[in-house]
Amino acid sequence: MKKSLIAIALATTFLAGCGTSEINKETNAEVTKAVSGKAELGSFGVDLSARNEAVKPGDDFFMYASGTWYDNYVMPADKTRYGAFTGLAERSEKQVKEIIDDIASRSDLSDEEQLIADFYRSYMDTDTINKLGITPIQGTLDQIAAIKSTDDLTKVFGNAWLTGAASPIGGGMWFNRLDPNQYEMSIGAGGLGLPDRSYYLEQSERFVKIRSAYVEHIAKMLTFAGVKDTQARATEILALETKMAEGQWPREKRRNRDLTLNQIKREALAEQYPGFNWDAYFAQTGYQVPQLNISQPEPVKAMIKLVNEESMNVWQDYLTFHTISNNAGLLSEDIYSASFDFYGKTLSGQEEPKPRWKRAVAEMSGTQSLGFAIGKVYVARYFPESSKQQMAELVENLRTALGQRIDGLDWMGDETKVNAHAKLAAFTPKIGYPDVWQEFDGLTLTGKDLVGNIANLRQFFKAESVAKELKKTDRNRWGMTPQRVNAYYNSSFNEIVFPAAILQPPFFDPNADPAVNYGGIGAVIGHEMGHGFDDQGSKSDANGIQRNWWTDEDRAAFDAKADKLAEQYSKYEPIPDNFVNGRNSLGENIGDVGGLAMAYHAYQLSLNGKEAPVIDGLTGDQRFFLAWAQVWKEKRTEQSMLNQLRGGTHAPGRYRAQAPRNHDAWYKAFDVKPGDKLYLPEDERVRIW
């Protein structure tokens, strides 16, 4: 239900092996449907039945666009949120299940197909898993019990990603921000069991109750390892994690790239960060680490202090708990159920666990699992090549629109504009699937040992990462599999990436009205381009090198606009006394507001000066903004909303749908007037890109 900092860091290392493979472009019902000539949603690509026309668009554009759906949708018991992303993710999930079932039913399997079949069988073999109980991780628990010194403790920390333990100090291989052609180890502070440091430090009744429930949960999990006096020991673990939280930076500070770039030579590490056996730590990882980046200097020092001052017994209990907790989804159902009771029900408001096959699909679909082996089949079955071609055209249209908008900026000078154009021209789009697929040569899995399979996968990807540490970075790498419903911008490679699974309605439909595609996937493209020019992405240049390419005057003008947007979003209050963190979500909000402006500009260019037709009583501009709002329709449990506010970088979907309030065309399209709740005077509308 959660991951340690080390797991997250190495899961984003993306040092994938390279190999070529032909994609079978066989046609099938799904592909034929995608090019059938009829929009999937409504008559032109938007679900008009979802609207609540009793709500004024200028009062609540989210509820106007999706209010009938929102009021009538009943959250399934195994979900904490549902929306456009979730709907597509479910479609992808079912398609992946069909792929796995097809493979598992055959005997004439390729090596990669055999890996898929064996892993799935091991995950679904609940009889064996339940008989084993906690024994699959007993070796790690024994190692923890045998700790006698801080050096022993450090070795367990260094090996935490492979074992599923936790560590207050951790990291993984990423890109050198001053030379993206090199890999570089990045180290930071982490190791908390609750979603964010605020869960430990805030004193409101809500958080006091969560901490009390957390102690009960820790105590219950410790019983699976035969620990005695669990209540007192759980209380001490909470006290330790509270001290860890006190020493860590808040999220809005952790995303500041000026503060998180602190490169250091390996030989200087012990002098500048004394009290920690770095040799023992790195010996567990296998990396040579000639140079590294300390992303959070003061927090790392605070964690070192705790390693040396806190009781060894408490550290052992901390590691015992987190090892059980982080592996709970791979162990017997009683252990998983105990984990779900807290992380699912209490923290997220999820009433029932997901069916086991869905958990299996999720475990198999990541970049550090069999996701690309499955993705290769997914693309062949479900992704028409025509969608990739249309997306490429949309990307170029958005590039043109942003270029024109840069030219028209009245707050940016010519010198900075030259650098901005250079960065825009250098954007590399990746659409659908990798040109070079991950290979799995040397990976061994069986149908009867789930924890062993996970260990083999972790070791396989770590070995690949270690082998590539000192080599030139692999620009063919993808940070998401094709079946993932999402998109991303990678500042080090200055690339925008759109997996195949997001190129479906409501984001993209080759048969939808152009206004819908520009308001959906067009704005998503603009959002990802916008990350190259948000408050943090704008600190890297056309080559992905972190440096200041702005004049001081232009940077100050940009920061003033960004501050205004942060203030605007910080006024949203989804839960009483719990607000959107406009500073932590600033990059995403700049991406939304700027991406929407780029997409609207590109849509207008596509009309070639002609008036868009009126369809079902809606103008082109109305269809454009409705498409945007329905992309962000969602419903959440209150607990899930709280997690998003405290632990996420995005504003909730309700407020992302309101981004058009910063665009003049939206006011005209929906006749929004002073006095409407979302109305902003022209001088308060934030226009950045």
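The legends below describe an overall view and several close-up views of a predicted model.

Figure 1. Along the principal axes, the C-alpha atoms fill a box of roughly 75 × 60 × 50 Å. Of the 689 residues, 60% are buried. Among contacts between residues at least 6 apart in sequence, 75% join residues at least 24 apart. The chain exposes about 26,700 Å², and carbon and sulfur atoms supply 48% of this area.

**Figure 2. Three strands form an open sheet in the order β6-β8-β7.** The pairing in this sheet is mixed. The edges are taken by β6 (428-432) and β7 (488-490); each has a single partner strand, so one side of each is left without a neighbour in the sheet. On average, neighbouring strands are turned by 20 degrees against each other, direction ignored. Strands β7 and β8 (residues 495-499) run antiparallel and are joined by 3 bridges. Tyr489 stands opposite Ile496 in β8. Helix α21 (residues 385-407) packs on the sheet and touches β6 and β8. The direction of α21 makes about 150 degrees with that of β6.

**Figure 3. A cis peptide bond leads from Pro505 to Pro506.** Omega of this bond is near 10 degrees. Pro506 lies in the loop that runs between β8 and α24 (514-531). For background, most peptide bonds are trans.

**Figure 4. Asp229 and Asn608 have positive phi values.** Most residues other than glycine have a negative phi. Asp229 is not a glycine, yet its phi is about 55 degrees. The loop between α11 (205-223) and α12 (230-247) holds Asp229, which is exposed with a relative accessible area of 56%. Phi of Asn608 is near 50 degrees. Asn608 is found in the loop between α26 (586-606) and α27 (620-631), and it is exposed as well, with a relative accessible area of 65%.

**Figure 5. Ser92 is a buried residue of helix α4.** The helix spans residues 84-104. Ser92 has a relative accessible area of 2%, which is under the 20% limit, so it counts as buried. Leaving aside residues up to four places away in sequence, Ser92 touches Tyr378, Gln483, Val485 and Ala501.

**Figure 6. Arg685 and Asp664 meet in a salt bridge through their side chains.** The N to O distance is 2.8 Å. This pair links distant parts of the chain, 21 residues apart: Arg685 is in the segment after α30 (664-669), and Asp664 is in helix α30. Arg685 is buried, with a relative accessible area of 7%, whereas Asp664 is partly exposed at 37%.

**Figure 7. Other salt bridges include the pair Glu53 and Arg51 and the pair Asp108 and Arg106.** The structure holds 44 salt bridges. Between the side chains of Glu53 and Arg51, the N to O distance is 3.6 Å. Glu53 is exposed, with a relative accessible area of 58%, while Arg51 is buried at 12%. In the pair of Asp108 and Arg106, the closest N and O atoms are 3.4 Å apart. Asp108 is exposed at 56% relative accessibility, and Arg106 is partly exposed at 27%. A network of salt bridges links Asp78, Lys79, Glu90, Glu93 and Lys358.

Terms used
Residues numbered from 1 in each chain as written. Predicted model: local features only at pLDDT ≥ 70, side-chain atom pairs only at ≥ 80, totals over all residues. Heavy atoms only, no water. Pairing = 2+ DSSP bridges. Helix = DSSP H or I, 4+ residues; strand = E, 2+ residues; numbered from the N terminus. Axes fitted to C-alpha atoms, helices over the stretch in contact; angles between N-to-C directions. Contact = heavy atoms within 4.5 Å. Buried < 20%, exposed > 50% of the residue type's maximum accessible area, 1.4 Å probe, protein only. Areas by Shrake-Rupley, 256 points an atom, 1.4 Å probe, with all protein chains shown as cover. Salt bridge = Lys/Arg side-chain N within 4 Å of Asp/Glu carboxyl O.
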